[in-house]
Amino acid sequence: MERTCTNGVLRKEDANKTVTLVGWVAKRRNFGALVFVDLRDRTGITQVVFDESISEQVKDVRNEYILQVTGVVAIRKDANPKLPTGDIEVIAKEVKIINEAKTAPITIADDTDTLEDTRLKYRYLDLRRHALQKNLVLRHKICMIARNVLDEAGFIEVETPILGRSTPEGARDYLVPSRIYKGKFFALPQSPQIYKQLLMVGGMDRYFQIARCFRDEDLRADRQPEFTQIDIEMSFVDEDDIFGIVESLMQEIFGKLMNVKLEEHFVRIPWHDSMRLYGCDKPDLRFGNEIHDLSNIFANTEFQVFKNTLESNGIVGAIHFENCADKYSRKALDKLQEFIKNGFKAKALAFLKYSNNELSGSIAKVLSDEEKKAIIEEFDLKENSLVLLVADKASIVQSSLGALRVKLAHELDLIPSDVYKFAWITEFPMFEYSEEEDRYVAAHHPFTAPCKEDIDKLLTDPANVSSRAYDLVLNGYELLSGSIRIHERDVQEKVFEAIGLTMEEAKEKFGFFIDAFQYGTPPHGGVGIGLERLTMVLAGTDNIRDVVAFPTTNSSLNLMSESPNVVDDAQLEILGIEISKKKESE
């Protein structure tokens, strides 16, 4: 089909050229003898003018018809500064209707008011919106930069299997029944973890893959059941080598796509410090207002609530914000208290306001002059400052104040939108205790290496073992997770024992993977970069569905294809599967 150029490229310099355009009708305006049509394709919109000599041919044209138009580029008298092509228009000489269209069930515009579920049902129409197309182009460019950077650094792109074996110690697997081996199942990969480590055993040295991953877990705004990660694994490396590769990749991506120069090396924050200062392991560093531990200030307090907390090995924590105390009424502060009670199991929220060199607030009367003075000095309080305090177990204090820190920063408009603050979070706990299973489980996965100085504590003090796992966080989002892997058999045996597995049981669960590690395994490590989350941050959206071509809802439904769905009995019989049907009384 003839097309001399796309619809987003014509400018003043193209005046008097004869062009042929093809695209969808985005808008049609009839002014009697003249008809104006905004013709849209992926690159943009060009206004086409049909005068009385040709307007009859488009009198029945509606939005989303596809037209082929040949005409002459002219300078517009009423330029549209909102469009890159707003200085010109095309005076149509010939027109051909390529295809007709029904009235669209959604509004195809960037500022659409159509409900998200309706847009997901008609996603193929929603994708015509420039905002979504722009996001998918951005995603494509990230992938291209990643491939080029990693190729130049000596990495080899290798595809790993989609159909594999179900393994424990992770999220729920998506299972695929085998027709040939009835009663047996493949599992879709939660990540290429096992295979990429086996590639290191196989001597590939430097591997990457833009890999599809699948996890059957509860969803949220930044999570989908199937997602993509830029997967990287390297041999004969330590954390510095891996961090250097990732930092180079991020510098290239942000430099080329956002025209932003990042720092040469990203700050590193041990996990315990991140929890202590920010109350979470993915801190937003675009603003301050860190958590302060005030336990020492209240070591000899007469305030019974704080005294009881400290005697029970709890802590007293606080955050403060300047120039805002007058913005938070008692009613507003009560809402903050409900926020941390309901979401973080905190018992109560205390507050202090600083004005005219004095502290007032919910606990001001029960504090000694010495304690008040220490609080003022601790935060270097300025006029109209607000201090929020929580006394509880350390984990509750940290999580609740960490959430309040972010909430107030948003409410007070303290977070700059055009700043990108990266941080490596390091030395994550090696294990978590599972109340349900009554045992320790791997916090990352059981092949993550412990910190060398903690190896002797694997069996005697697992709660206090730190790992060589790390995350890269950006503006409150976790962009990637990774670790240095275990390559020594004796260390691997201790880790299995710490989580309640003998080597025999581990072989039953991990089979060929364990066997492979007997044949000269190199020290290795890697990362998996969440492509969707990275694209979200660059695109300036907080909804992962905005950067996925065909996403699911929060309940894992694909409204467009109506999946998952039932299959007929004949298909189930071939697989040797029978669906259990509950009694109607149940």
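**A quick tour of a predicted chain**

Strands here are DSSP runs of E with at least two residues, helices are runs of H or I with at least four residues, and both are numbered from the N terminus. Keep in mind that this is a predicted model, where local features need pLDDT of at least 70, side-chain atom pairs count only at pLDDT 80 or more, and totals for chains, interfaces and linings use all residues. Residues are numbered from 1 along each chain as its sequence is written, and side-chain values use heavy atoms, with hydrogens and water left out.

**Strand β14 and its partners**

- β14 covers residues 350-355, and five of its six residues are buried (under 20% relative accessible area with a 1.4 Å probe, protein chains only).
- On one pairing, β14 runs antiparallel to β16 (residues 385-392), with five bridges joining them; strands pair if DSSP finds at least two bridges between them.
- β14 also pairs with β15 (residues 358-361), again antiparallel, over four bridges.
- Two residues lie between the strands in the hairpin of β14 and β15, and Asn356 there has a positive phi near 55°.
- As a rule, side chains in a regular strand alternate between the two faces of the sheet.

**Helix α3**

- α3 takes up residues 130-152, which makes 23 residues, and it reaches 33 Å from its first C-alpha to its last.
- That is close to the 33 Å expected at 1.5 Å a residue, where the expected span is 1.5 Å times one less than the number of residues.
- Its buried residues include Leu132, Leu138, Ile142, Cys143, Ile145, Ala146 and Val149.
- Partners for the buried residues of α3 include β2 (34-41), β9 (206-214), α5 (239-258) and α14 (531-539).
- An α-helix has 3.6 residues a turn, so residues three or four places apart point the same way.

**The whole chain**

- You can count 15 helices and 22 strands in the chain.
- Its C-alpha trace spans about 90 × 75 × 65 Å along the principal axes.
- Of the 586 residues, 48% count as buried.
- Among contacts with a separation of 6 or more, 67% come from residues 24 or more positions apart; a contact means heavy atoms within 4.5 Å.

Note on methods. Buried < 20%, exposed > 50% of the residue type's maximum accessible area, 1.4 Å probe, protein only.
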